[in-house]
Amino acid sequence: MTSAKCFISWVRESGRGHLAACAGWGTAVLYGILSLTRLSFDTENTFFGIGSVELWRGCAALGIVMALLEFFYLLQPAKLDFYYSLPVSRKTIFWSRYVHGIIHGAVPAVLVMAACGIYQASIDTSFDPYTGSYTGKSIFVCAAVFFLFYHIGIASLTVCGNIVSAVLAGAVLTAGFPLLIQGACIPLSENYFDAYYRIPLTELLNSVLSPLDLASGLFGRELYLKPNILAFSPDISLILAVFVWILALFAVFAFAQKARQTERVGRAFVLLPAERVVETWVTFLCGILVFSFFTELLTGTAGAGNRPGTAAMSAAGAAAVCVGVHCLMEGILKKPGAKLMRRRWQLAGTGAAAVCAGAAFAVGAPAYDGWFPEDAQAVGISINGLDMNYDTYREAVYGDTYVIDGQLAQYELSGEGKAALLGWLEDVVRGSGDVQTAGMETTGMQPEEVQTSETQSEETSAEITRATVCYRMENGTCRYRSYPVTETQLAAFSAVYNTEEYKTAAYPAVKLSDVSEDRFTWRDGVKDRDLPLNADEKEALLEAWREDISSLEMEELSAVLPCGFVRIRSSTDGSASDLPVYPFFEKTCGLLERYGTDTGNALADYTIDSVEVLESTPVPANVSGGVHLSVYDKTDEIAELAQKLVPDELDIQPLLCPLEHTGDVEAVVTDEETNSLIRVDCVMKRE
């Protein structure tokens, strides 16, 4: 049994090369100097711990470097022969280097961050309440990321026999699961599931099974504001995941350092179980990635109508690739003279697993698309183009999850609106709202009337937009779906839109109170005018708008655009709330008229100096042109265009009341009060 004194001696022996010490202490000191320098100039946007992208990347890189410096001897036969010839157990050599790497890797980082925390507390009073908590949490996540990648490096070096295979093993550990989820699971879901928007389980798995995503999540990924970063605590799932990673990798190299066969150094793997595991995993991963690739290719070429054929051809491609990858790896890994197909059952099982995993998405698509909850705690809804301006509409159509997630949070219904929404969604999911084609034998219409009716039926049953839904279940989990919406189903959505709960979500200004000291402004899309109102008039105007919103029905929004907005800017926090005002808002318009504001004043009522229309057409690469600017400055041209132009600011219902966005239109308006020119972005009314 090795004595403690001998173990400590070998820890000292490990440091005689000084490379590990220089790497660990040098990196920590350099980072500390840079952090202290940046903190001395800017404490609002400089973070020495959580919130620092440079720190988590540096910790990950340092962990890999320390593993290479400490355990590269495992790949050197001459040095192994020398070490193992000494009267010291291989266990002592291995664990002394492990401890030495921790001393010179993790300890310097802990000391430097403690110093940074003390320094920032001395110069930044807003940091005082977070000195202990932020510094402590930063030290914890820094150490966790270091240990994670330190163990990845050690495990790769311990089970492999040469540097090339060790690098590839580390790459498989780091990128294998992200490739599976992002390269296969998510694309297959998008191609086979019509109702796919997002699956929280795959997102969670990606965040905990990807070492890089796990590290960035521990450091507060996508946090930018100082209060949020200082108060941030890593999610418990990430903390558990990093502990599992560290302990699992520790178990791997603790077993491997005892079982590794020294005579196999120089080959790809020194452990046969590791060889088979890596071979199986790489073969499976390549197979399912090819399944996903063929699905993407065939869906884009032939469309989504022939999914069984797409799945069958993708399965054939995946099986062929599994055979090819397995044979390639066998050719590299097998001993000279060994049979190429010595592991036929392993190949059969791996290929079958890849094919079945890919085919499961095609088989499970009807169940996924047709799933509908019996009840839910709350339901969030986002319909592309409804209650959003045109720019937001385009972002939603192009799949901007930030926009859609914001809509889902804003329009989360749990009362009367939820009941109406679930009823509408059930019709959408079951397809009961589709328009049926009419026929002569049942209607008695003439042939030309039947043709017209069938055309209209096809138009009303075609998809015009999509509705994204978040079902918040009783157990707190969320399930997302995205459904195509037809014109008929959109019209039926009025039963949801006209509920008080939905309108409160769509028009949050109805919840404003005590606006007597706030600033009121009238905005008609051309210029802003202050409304000189007293406290009673402000309250009366807000109450009139509330009553008009209460009586608003969705059907009215498809007939007319708003004539302007009343902007209320808070006197306490400076936030602004825009109150859309439609011509049929009798109470609101009546009060505004009484207060001296002409709500009927349109763009055509202003003095327009000229109209500029910028149109662009696609051109081949490296070819100039494709842009045409037309300027209309004649009186008759301006008069004709003025009747068609609408300020872009008023385009807030692109789905219900669509306008033309074929080019960039700008009207130059003369402000007679200030004798200046106002450039107004405009869109065209449809014919």
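In the predicted model, helix α7 (residues 163-192) and helix α14 (residues 344-370) approach each other with their axes within 9 Å and cross at roughly 50 degrees. This angle makes α7 oblique to α14, and the crossing of the two helices is right-handed. On the α7 side, the contact is formed by Cys185, Leu188, Ser189 and Tyr192, while α14 contributes Gly358, Phe361, Ala362, Ala365 and Asp369. By class, the residues of this contact comprise 6 nonpolar, 2 polar and 1 charged.

A further helix pair is formed by α2 (residues 19-41) and α3 (residues 53-71), whose axes lie 9 Å apart at an angle of about 170 degrees. Since angles over 145 degrees count as roughly antiparallel, α2 and α3 are therefore assigned to that class. The contact draws on Leu19, Ala20, Ala23, Gly24, Thr27, Tyr31 and Arg38 from α2. Helix α3 supplies Glu54, Leu55, Leu62, Val65, Met66, Leu69 and Glu70. The contact of α2 with α3 divides into 9 nonpolar, 2 polar and 3 charged residues.

Helix α5 (residues 90-123) packs against helix α11 (residues 236-259) at an angle of about 150 degrees, with an axis separation of 10 Å. The crossing of α5 and α11 is right-handed. Within this contact, Arg90, Lys91, Phe94, Trp95 and Tyr98 of α5 meet Phe250, Phe253, Ala254, Gln257 and Lys258 of α11. The contact of α5 with α11 contains 6 nonpolar, 1 polar and 3 charged residues.

Tyr98, one of the α5 residues that meet α11, was examined individually. The relative accessibility of Tyr98 is 9%, and the residue counts as buried because this value falls under the 20% limit. With residues up to four places away in sequence not counted, Tyr98 touches Phe71, Phe147, Tyr150, His151, Ile154, Phe250 and Phe253. Among these neighbours, Phe250 and Phe253 belong to the α11 side of the helix contact described above. Phe71 lies within the residue range of α3 (residues 53-71). For the pair Tyr98 and His151, the separation is 53 residues in sequence, whereas the C-alpha to C-alpha distance is 9.6 Å.

Backbone geometry was also considered for two loop residues. Glu222, although not a glycine, has a positive phi of about 65 degrees. This residue is located in the loop between α9 (211-218) and α10 (226-230). With a relative accessible area of 63%, Glu222 is exposed. Asn675 is likewise not a glycine and has a positive phi of about 55 degrees. The position of Asn675 is in the loop between β12 (660-671) and β13 (676-684). Asn675 counts as exposed, at 69% relative accessibility.

Regarding annotation, the unreviewed UniProt entry places the feature "domain: DUF6449" at residues 471-570. In the model, the end C-alpha atoms of residues 471-570 lie 34 Å apart. The secondary structure of this span is 33% helix and 25% strand.

Definitions and conventions:
Residues are numbered from 1 along each chain as its sequence is written. This is a predicted model: local features need pLDDT of at least 70, side-chain atom pairs count only at pLDDT 80 or more; totals for chains, interfaces and linings use all residues. Side-chain values use heavy atoms; hydrogens and water are left out. Axes are lines fitted to C-alpha atoms, for helices over the stretch in contact, and angles run from 0 to 180 degrees between N-to-C directions. Helices (H or I, at least four residues) and strands (E, at least two) are DSSP runs, numbered from the N terminus. Angles under 35 degrees count as roughly parallel, over 145 as roughly antiparallel, 65 to 115 as roughly perpendicular and the rest as oblique. A crossing is left-handed if the near helix is turned anticlockwise from the far one by less than a right angle, and right-handed if clockwise. Contact means heavy atoms within 4.5 Å. Ala, Val, Leu, Ile, Met, Phe, Trp, Tyr, Cys and Pro count as nonpolar, Asp, Glu, Lys and Arg as charged, and the others, Gly among them, as polar. UniProt positions are given in the numbering used here, feature names are shortened, and annotations may be inferred rather than shown by experiment. Buried means under 20% relative accessible area, exposed over 50%, partly exposed in between (1.4 Å probe, protein chains only).
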